[in-house]
Structure formats: C-alpha cells, structure tokens
Amino acid sequence: MKFVTQFLAIIASAYLLELFLPWYYIAVASFVMGYALKSKANFLAGFLAIGILWFVKAWLQDSEGASDLTVRVANIFTLPKKEFLFLATSIVGGLVGGSAAWSGSLLKRKVKAYNN
C-alpha cells in the first residue's frame, strides 16, 4: 500500500511542479516523496511514476500538435518510430525520478540511524 501511495504522490507532485518550474524539479518531488513516504521499492516507485508521467505528457503533446516535429526528432536519433522517442524520454525521466526517490529513502535511513 505504501508503494501505491508513494507512486501516486510522486506523480501528483511532479506534475504540479512541472507546471510552474523547470523539468528537473521532478527530482525534488521524487526526493521529497522518497523521504516522506519510504516504501520497500523506492527506486521502482520513482522510476515508474516519472516514466509514466513523461510518456503520457509526451504522447498528449504530440497528439495535440499539428506538426511532425516528433517524427523529425526521431529521425535525428535514427529511431524507426516516434513511439521509441517517447520511450527513450520516459526512461531518462524515470532514471532521474528513481534515483531521487532512492536518495530520499537513503537519507531518511541515515537520519533515523543518526537519531538513535
């Protein structure tokens, strides 16, 4: 249950922060939720939350646009389909989110050990 709570909290907070702040604030959202809502799979929660969030955002932005920009960028990276570009984007974001959530949980462990 903690995993699902942490997963949803990371998605919600990262989405809200991305509305007003630069993209790298997803790490802040994941770190804070990793610290506050430590589960047994912190990296996985952060990775999946940010990865899914970025995949959905990229897909929605592409479907709303009238240009073929994603196809052109996919061709630059020699990707056969634009969906692979969405996947690559979500993996990069997922790594940032997962690492930040894991770091937050490790800090909580160190703080707890220091206080005891």
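The lining of the largest pocket comprises 17 residues, with K57, A58, Q61, T70 and F86 lying nearest its centre. A pocket here is an open set of points, on a 1 Å grid over the protein atoms alone, with protein on both sides within 12 Å along at least five of seven lines, and lining residues have an atom within 4 Å of a point. This is a predicted model, in which local features need pLDDT of at least 70, side-chain atom pairs count only at pLDDT 80 or more, and totals for chains, interfaces and linings use all residues. Residues are numbered from 1 along each chain as its sequence is written, and side-chain values use heavy atoms, with hydrogens and water left out.

The volume of the largest pocket is about 380 Å³, a volume being the space filled by probe spheres (1.4 Å probe) set on grid points that are joined across faces, edges and corners. At least two lining residues come from each of α3 (42–64), α4 (69–76) and α5 (82–115), and α3 gives the most, with five. By class, the lining holds nine nonpolar, five polar and three charged residues; Ala, Val, Leu, Ile, Met, Phe, Trp, Tyr, Cys and Pro count as nonpolar, Asp, Glu, Lys and Arg as charged, and the others, Gly among them, as polar.

Turning to the fold, the protein chain has five helices and zero strands, in the order α-α-α-α-α along the sequence. Helices (H or I, at least four residues) and strands (E, at least two) are DSSP runs, numbered from the N terminus. Along the principal axes, the C-alpha atoms fill a box of roughly 55 × 25 × 25 Å.

Helices α3 and α5 pack at about 150°, their axes 6 Å apart, and α3 passes α5 in a right-handed crossing, in which the near helix is turned clockwise from the far one by less than a right angle. Their contact has 13 nonpolar, 11 polar and three charged residues.

Helix α1 (residues 2–20) meets α3 at about 45°, with axes 9 Å apart. Among the residues in contact are F3, F7 and I10 of α1 and L48, I52 and K57 of α3; by class, the contact divides into 14 nonpolar, three polar and two charged.

Terms used:
Axes are lines fitted to C-alpha atoms, for helices over the stretch in contact, and angles run from 0 to 180 degrees between N-to-C directions. Contact means heavy atoms within 4.5 Å.
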